[in-house]
Amino acid sequence: MYQIVPVAPGEQQHTAGGAGGSPLKKRAHEGRPLVLAGLLGCVLVLAAVVAWCYYSASLRKAQLLKAELLDLNKDGFIIHNQAGALIFRMTFRSGTLDLDSCSKEGSNLSCTRSDSGKLNFFIQTVRPKDTVLCYRVRWEELQSKRLVEHAMTYNESHWYGGAETATQYWPIRMQGEEEPQPFITSDVYLNRNAFGGILERYWLSSNATAIKINDSVPFHLGWSEKDRTLRFQARFQDSPFRPQEGQQALPELSYRVCVGSDVTSIHKYMVRRYFPKPVKVPSPEVFKQPLWSTWALHKTAVTQEKLLRYASDITKYGFTCSHLELDDRYTADYGEFDFDPQKFPNASGMFDKLREDGFQVSLWTHPFINYDSINFGVAVEKGLFVREPSGELPALVRWWNGIGGILDFTNPEAREWYSSHLHMMKTRYDVTSFKFDAGETSYLPRQFSTLVPLSDPSTFTRRYTEMAIPFSERAELRVGYQSQDISCFFRIIDRDSVWGYELGLKSIIPTVLTISILGYQFVLPDMIGGNAYPNRTAVGLDGKNVLPDRELYIRWLELSAFMPAMQFSIPPWAYDNEVVQIAQKFTELHETLVAPRVLELAGEVLDTGDPIIRPLWWIANDDEAAYKIDSQFLIGDDLMVAPVLEPGKQERDIYLPAGRWKSYKGEHFDKGPMYLTDYPVDLDEIAFFTWVH
């Protein structure tokens, strides 16, 4: 601001009386610097005011783009925990927000424009309980039809969930760079890079964060090992997903991120809130006594004579049996519902004999009718098949047993036709239940139409699992999508007779833990020793691979004894008397020690959805070591199991979380957490520990 400076009297006199021009001109000349100074002052004041306003607006915008523990910017958002540590980062890969279009109203942050046009974006903060904070996130394109992609960084945290995979790790280990693929159910035995037959759009982190992708999203999943990100993508282009009828093909990516106080409690919240629960516990007999399948032993060469001999041997060698499972192939053609008279000349008499001897029998079934079956023409005439996109012709599909049609389980007539044939078999032969094979979306044609349009192809899997409901006491499924309320056993995909993580012995614990986290608790861990497929079987000491390696078989048997149910096919007596004795010991241990605990936990599943088979971090969620252990597990909170999973080993390292533990040998360990290095475990033993209260 300018100042008025008083002039001294002497100066005034000098100016007035001096020579050199008009006094007025002189005053104007001398006043010019004052005016310039005044103008400069005004500019500086104005600049300061503008800067202050801009700073205030920035502060307001910064406040505007914050929610509770969440910061939003144009490229993504981050979430902190109560202590201020960064626990979650999501990056917007397909576009950036125009922050000038954003506003905040109560607990809602919303924006209306991105760099590519109009959109509907919001983050809504919800606190459903004191210890849980959730964010509902939605990015919906209103102009662009291409895609929406967000990338979740997993930083130093460990993630679990998603899908059954052929090579299964716990925690998830993303390898290489994978462009987003449709997140739909697939047969990972045949396509080992796909997502498996049991999957859910749910992931859980050791940072006590969880994410659930909404059902409405045309969801594709990719990842980057280099960037340590999971890529969540929504798109309809080049995708099997379809918009809902009457809606435009504008992609929308929406999900919920929830933060809790620890990983166990946030998982419990998510399961109770978002997953359906079974309505009843399947047959206790299947939890107690092993089921015996013909598949790995006889494959498709099974006959009436072989089945009766198998049953006779089970009794002869002193084993119990919840039921016999007659697998592929007992029909003349695929898609028929009666016995091949060449292979089973007296099916009724066979069932009578088995019933007399105390055996119940379940039968293999599937959703296919091959073109050479007498039922193919019937299904075409009745319109029971999934069709070509035009809807006029049945679509032919290739599966592992040939070419045929696949029943359209969105069609009530197809459901009724299939179900009535199963009921007919059950009534005619007093069959106890069915093994429902296949059901993966990957067996649908690339382009197809169903009676009820499927916006999400995996809904087909859900519809197929519903066919098991009338038989759920002893039914077996190998697929699941939003199917946690189908109260039957879910079998993990066929295992190879090998030791490793790719469908081998080491993959069983990570796979069972993964599908347990996804809400599937009544788990069948597949056949002891694997399926003995040619070229996918570890060579034994004799250099042959007709049977699974003897040591592998024994270690597999020991692990299976501590799973919810045991499933034999290749029998112990195929080896020698020692293997028979070990098998008798562990089937008895399963029935007396494991099954009562499992059945107690199974009853709790109906209310809670909590796993029966639990990771170590379930009881040690502040323990970094517990997050990474994939070769030990808990049954409930107080029985910990540590099988030997390496060939040639009769010892292993065992991690004991904090607490007092008692070993199966009677030793006490009170100073956990601790590692027991090279803990001795003989070939006929499995290490297990009970928590001492």
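The legends below describe close-up views of a predicted model.

**View 1**
Sorted by class, the lining of the largest pocket comprises 12 nonpolar, nine polar and five charged residues.

**View 1. The largest cavity, with Gly-335, Glu-336, Phe-337, Thr-365 and His-366 nearest its centre.**
Two cavities of 30 Å³ or more are found when the whole structure is searched, and the largest of them contains about 100 Å³ of space. Its lining consists of 13 residues, of which Gly-335, Glu-336, Phe-337, Thr-365 and His-366 lie nearest the centre. At least two lining residues are supplied by each of strand 19 (361–365) and strand 20 (368–370). The lining of the largest cavity divides by class into eight nonpolar residues, four polar residues and one charged residue.

**View 2. The second largest cavity and its lining.**
This cavity has a volume of about 40 Å³. The residues that line it are Pro-278, Gln-484, Ile-486, Cys-488, Phe-490, Gly-519, Tyr-520, Gln-521, Phe-522 and Val-605. Seven of the lining residues are nonpolar and three are polar, while no charged residue takes part. Gly-519, one of the lining residues, follows just after helix 11 and adopts a positive phi of about 100°.

**View 3. Helix 11 and its buried residues.**
Helix 11 covers residues 508–517, and it is largely enclosed by the rest of the structure, because 10 of its 10 residues are buried. The buried residues are Ile-508, Ile-509, Pro-510, Thr-511, Val-512, Leu-513, Thr-514, Ile-515, Ser-516 and Ile-517.

**View 4. The aromatic pair formed by Tyr-169 and Tyr-501.**
Across the whole structure, a search finds 58 aromatic pairs. In the one formed by Tyr-169 and Tyr-501, the rings are tilted, with 5.0 Å from centre to centre and an angle of 45° between the planes. Tyr-169 belongs to the loop between strand 10 (159–163) and strand 11, whereas Tyr-501 belongs to the loop between strand 25 (489–491) and helix 11, so the pair ties together parts of the structure that are 332 residues apart in sequence. Tyr-169 counts as buried because its relative accessibility is 15%, under the 20% cut-off, whereas Tyr-501, with a relative accessible area of 23%, is partly exposed.

**View 5. A cluster of aromatic rings that includes Phe-337 and Tyr-464.**
Ring pairs join Phe-337, Phe-409, Trp-417, Tyr-418, Phe-434, Phe-436, Phe-460, Tyr-464 and Phe-471 into this cluster.

Asp-437 sits in the loop between strand 23 (433–436) and helix 10 (459–465), and it counts as buried because its relative accessibility is 6%. Its side chain makes a polar contact of 2.8 Å with the side chain of Trp-364.

**View 6. Glu-558 in helix 12.**
Helix 12 spans residues 550–560 and contains Glu-558, which counts as buried because its relative accessibility is 1%. Apart from residues up to four places away in sequence, Glu-558 touches Ile-582, Phe-586, Leu-683, Asp-684, Glu-685 and Ile-686.

**View 7. Asp-340 in the loop between strand 18 and helix 7.**
The loop that holds Asp-340 runs between strand 18 (324–326) and helix 7 (347–356). With a relative accessibility of 12%, Asp-340 counts as buried. Neighbours within four places in sequence aside, Asp-340 is in contact with Tyr-330, Thr-331 and Ala-332. Met-467 is 127 residues from Asp-340 in sequence, and the two are 24 Å apart in space, C-alpha to C-alpha.

Note on methods. Residues numbered from 1 in each chain as written. Predicted model: local features only at pLDDT ≥ 70, side-chain atom pairs only at ≥ 80, totals over all residues. Heavy atoms only, no water. Nonpolar A, V, L, I, M, F, W, Y, C, P; charged D, E, K, R; others polar. Helix = DSSP H or I, 4+ residues; strand = E, 2+ residues; numbered from the N terminus. Buried < 20%, exposed > 50% of the residue type's maximum accessible area, 1.4 Å probe, protein only. Polar contact = N/O pair within 3.5 Å; in protein donor to acceptor, adjacent residues only side chain to side chain. Phe/Tyr/Trp six-rings, centres within 6.5 Å; stacked < 30°, edge-to-face > 60°. 1 Å grid on protein atoms, 1.4 Å probe; cavity = no way out; pocket = protein on both sides within 12 Å on 5 of 7 lines; lining within 4 Å. Points joined across faces, edges and corners; volume = space filled by probe spheres on them. Contact = heavy atoms within 4.5 Å.
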